[in-house]
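Hello,

Here is the structure I promised to pass on. Please have a look at it, then read my notes below.

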Amino acid sequence: MSEQRPPNEFEQANQQEQAGLVKEFIAFLRENKKFWMIPLLLALLAIGALLILGGTAAAPFIYTLF
């Protein structure tokens, strides 16, 4: 029989609750002091939303903005 050994750090991390993508990213920004990335990501999200909405019935309303 094998004897029980205490779990290492990797195994303990596996037992913890998994953080979501957004929580993980916010923790990354806080820890690494990368707050300058927030406006870039917001701009990319806005452009992506415009691209997606450009192919829908909302397109005429978006085109009037520009």
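**Confidence and findings**

The score is pLDDT, the predictor's confidence in each residue, from 0 to 100. Over the protein chain the mean pLDDT is 85, and 97% of the residues reach 70 or more. Where pLDDT is low, the predicted coordinates should not be read in detail.

Some ground rules. This is a predicted model, so local features need pLDDT of at least 70 and side-chain atom pairs count only at pLDDT 80 or more, while totals for chains, interfaces and linings use all residues. Residues are numbered from 1 along each chain as its sequence is written, and side-chain values use heavy atoms, with hydrogens and water left out.

**Overall build**

The protein chain has four helices and zero strands. Helices (H or I, at least four residues) and strands (E, at least two) are DSSP runs, numbered from the N terminus. The pattern along the sequence is α-α-α-α. The radius of gyration is 22 Å, well over the 11 Å that the globule rule gives for 66 residues, so the protein chain is more spread out than a compact globule. That radius is taken over C-alpha atoms, and the rule is 2.2 Å times the number of residues to the power 0.38. The C-alpha atoms fill a box of roughly 75 × 30 × 10 Å along the principal axes.

**Surface**

Buried residues make up 5% of the 66 residues. Buried means under 20% relative accessible area, exposed over 50%, and partly exposed in between (1.4 Å probe, protein chains only). The protein chain exposes about 6,600 Å², and carbon and sulfur atoms supply 66% of that.

**Charges**

Side chains of opposite charge can pair when their charged atoms come close. How many salt bridges does a search of the whole structure find? It finds one. Arg-5 pairs with Glu-11, the closest N and O atoms being 3.5 Å apart. The term needs a side-chain nitrogen of Lys or Arg within 4 Å of a carboxyl oxygen of Asp or Glu. Arg-5 is exposed, at 56% relative accessibility. Glu-11 is partly exposed, at 29%.

Most residues other than glycine have a negative phi. Lys-33 is not a glycine, yet its phi is positive, about 55°. Lys-33 sits in the loop between helix H2 (21-32) and H3. Lys-33 is exposed, with a relative accessible area of 61%.

Best wishes

Key: Areas by Shrake-Rupley, 256 points an atom, 1.4 Å probe, with all protein chains shown as cover.
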